Each structure stands twice: as C-alpha cells, then as structure tokens.
Amino acid sequence: LQLRRCYSTPTHAPVTLLGKEYPRDATTNITSAIIDKVGRNLYMNPSHPLGILQSLISSHFRDFNSMTGVPPVVTPAQNFDDLGFPADHPGRSVTDSYYINRDLMLRTHTSAHEVEVFARGERKWLLSADVYRRDEIDASHYPVFHQMEGARVFSSDANGKAEVQEDNERLSQHLARSNIIIEDVPHISPTNPPQDVHDPVLAELVAHNLKLSLNSLMLTLFGNRAGVNEGEPLRVRWIEAYFPFTTPSFEVEVFFRGKWLEILGCGVVQQQTLDRAGVPGSISWAFGLGLERIAMILFSIPDIRLFWSQDPRFLSQFLAGQITTFKPYSKYPACYKDVSFWLPDTGLHDNDFCDLVRDTAGDLVQDVVLVGRK
Ligand code: FA5
Ligand code: MG
C-alpha cells in the first residue's frame, strides 16, 4: 500500500520548495518527507545542539566570515562538475542524490558553494548548511544532515608564504602546550601529491597549516571536556584520503569511547576551483565536517533522528552556548488512563494494584496515582 502511494504521486504537480515552484520531469525523485525538512534550519537555532555546535566552531575560527541560511537548491554543475567530479561518479545518480528535476538538485555537500564564495573574494570563511543524500536510515545515518565548510586562502607569493609560516609557528606553539596525541601522515607524499601548478614547498606549508588549524579545532571541541574525555589526552588521527576537488587530501578521526570516529574531510583546494572562481595568484585549503557526528559525541545523543525532534523533552535539555549531556527519555509521548473499579469485600491494598500493573504492563507505566476511594 505504501509503495502504491509512493508511485502514484501525481507527476504533473510542480515541486514547491521554500515558496518556489519547480517543474517535475523524469529525473524528479525528491519526496514529500524530504521537502518537509527543507527550511527547518536546525543549525540556526542557538539552543539546538546543532546550533550550539555551529556557534562554538564559528567562535573558534573567530576571524572567519561565518555564513548560514544558503538555500539547498543547486545545479549538478555546482555540486559536481565545478569540483571536478567525473561524469560517471556514483554520487550523481538518482539513487544517491535528490533531484528536483534534471537541472536542479539538493546539494549533497557544502563544497557545492566553494566556487561562488571564493568568487566573492572571501579569504577566511565558514559556511554551514543542510545537505541531502539518499541513504539508509539508522541510528547514525539520515537523508538530511548538516555540514560546515571552511576555507582559508593565501596568496601564492612570498607574502603568502610568510603569512603561512607565521601562522604555523603560532599554532604549533599552542598545540605543543596542549594535551593532544596526533597520529600524523606526511603533508605531501607520492600517494597524496601536491598539484603540479603549486610550489611544493608552499603546498606543504599550506597542508601543514590546514592540519594545525583543525587539530586546534579538535582541541577546542573535544579537549579535556567534562564527561567526554576529562584528564585524558585527546587522540586525533590523520589519514590520507581522496576527493576530486583537493590534493593532497585527508580525513580526520577522533578516538572517543573506544572507537575512531570520522569527523571531516579536507585538503588543498584544486587550483581549477580557484581559477573557476577567478581568484588568481592564490592557494587555499578547505574542509567539510559533519555537525551531527560531532554533536552526537559532545552531547551524548544516541540517535541521529533525535535532532529532528520537536518534543520539548528533547529541546528543553539544551541551552545556547552550553555543552550538556543528553538524558534519554521514552520514545513515546505520555498517555494517561483513568481506571475505576469495584473493590472486593476482602479489600485490596494499593500495592496489590501496583503489582498487578507492573506484572501486566512492565516498565511502560511510569506512575500510578490513586485519585479517590468511595
Ligand atoms: C564531503 O562531503 C566533502 N565535501 C568534504 C570535503 C570538503 C573534503 C572540503 C575536502 C575539502 P564526506 O562525504 O566524507 O566528504 O563527508 C564529510 C563529513 O560529513 C564526514 O566526515 C561525516 O562527518 C559527515 N557525513 C557524511 N555522511 C554522513 C551521513 N550520512 N550522516 C551524517 N554525517 C555524515
Ligand atoms: Mg568520508
């Protein structure tokens, strides 16, 4: 029945998103459940865990321009082609991405905005947004989640080199004084090479600046946090990675409660992205991190679906600017039952009734109250 409903959706009705109408075509695969999520902007609520985290990261990168509220409708060119994704990349398929029609889709990552932000001349920026991927639904996957993109541009001349060196010195000193263990990989290597157009010394310095900047962020987020890893050194692991739009590329994992957790992808931006944006004579690093992954750790939120909850028992637990530990509650809303009955002549103690309730309904019943006796 559900499948029939799904396939019998009228194909002529336009898709309405954020008050705008878009024509459908054979590519359209966006569902009403997804449409309902567009515009919720959870990460812009300062007392929602995603909003608290978004602000925390923005204040860490205090001189970066932090952007929000960019609508999720992009062209496949913005999401894929401009970033050098090959024509046959699986992410492009209708089984992996949500298409409004053949010309427009919901972004699958915040990297979709790199070219336009670089083109505006931004040199130190963050962009937080909702992203959409067709995926399984379980405790750690959801078809809508949130990413934050960050980038820093340096000029590729002697001034740029001096700026990177100075910043690397400052960050290295800060990290040397901190309780952090870093498992590193080389900044550049034969399997994770610099770009031909870059001076390899500068590329290596920029990759190093990227790592230092993110290690420092990891320390702000996870270092010596009560209830998370108090007193323990923070363990961060760098891994060589591949993205079509960066080289060298890395992933960062953090050791938390006995497990390594992938937090972000990053790298030195492919020069074609900066060329396309019309920013000559520059070199940049960029990262993209998953806000839910980090928030689940920091707030001890066990299920990614909870972020979408409108239940006051969830929302009332969080306060702007504060990392607090989530206290689980029942999945079901409270339901009150009034029961009246005749007492037998032999008498029935209140506790006999409570035992009967526990025996029958188990822990589903939270409270039994005697209202009156006549
Ligand atoms: C990207 O999306 C790249 N755009 C990241 C990037 C940006 C690389 C800039 C280089 C330069 P990836 O698909 O690995 O990469 O996602 C990045 C992060 O988003 C992951 O590390 C993870 O924290 C989070 N993430 C990915 N998929 C999910 C998901 N289904 N649910 C929750 N979080 C996810
Ligand atoms: Mg990944």
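**View 1. Asp199 caps the N-terminal end of helix H7.** A side-chain oxygen of Asp199 sits 2.9 Å from the backbone nitrogen of Val201, a polar contact (a pair of N or O atoms within 3.5 Å; within protein, one must be able to donate a hydrogen and the other to accept it, and residues adjacent in sequence count only if both atoms are side-chain atoms). This is a predicted model, where local features need pLDDT of at least 70, side-chain atom pairs count only at pLDDT 80 or more, and totals for chains, interfaces and linings use all residues. Residues are numbered from 1 along each chain as its sequence is written, and side-chain values use heavy atoms, leaving out hydrogens and water.

**View 2. Helix H7 covers residues 200-222.** Helices (H or I, at least four residues) and strands (E, at least two) are DSSP runs, numbered from the N terminus. After H7 comes Asn224, with a positive phi near 45°.

**View 3. Strand E10 (residues 234-240) pairs with E11.** Pairing takes at least two DSSP bridges; here there are five, in the antiparallel sense. Arg237 has Glu253 as its bridge partner in E11, and a hairpin of five residues links the strands.

**View 4. E11 also joins strand E12 (residues 259-269).** Nine bridges connect this antiparallel pair, with Thr246 partnered by Val269. Two residues separate the strands in their hairpin, where Arg257 takes a positive phi near 45°. Nine of the eleven residues of E11 (residues 246-256) are buried, so E11 is largely enclosed by the rest of the structure.

Key: Chains are lettered from A and ligands numbered from 1 in the order in which they are written. Buried means under 20% relative accessible area, exposed over 50%, partly exposed in between (1.4 Å probe, protein chains only). The expected span of a helix is 1.5 Å times one less than its number of residues.
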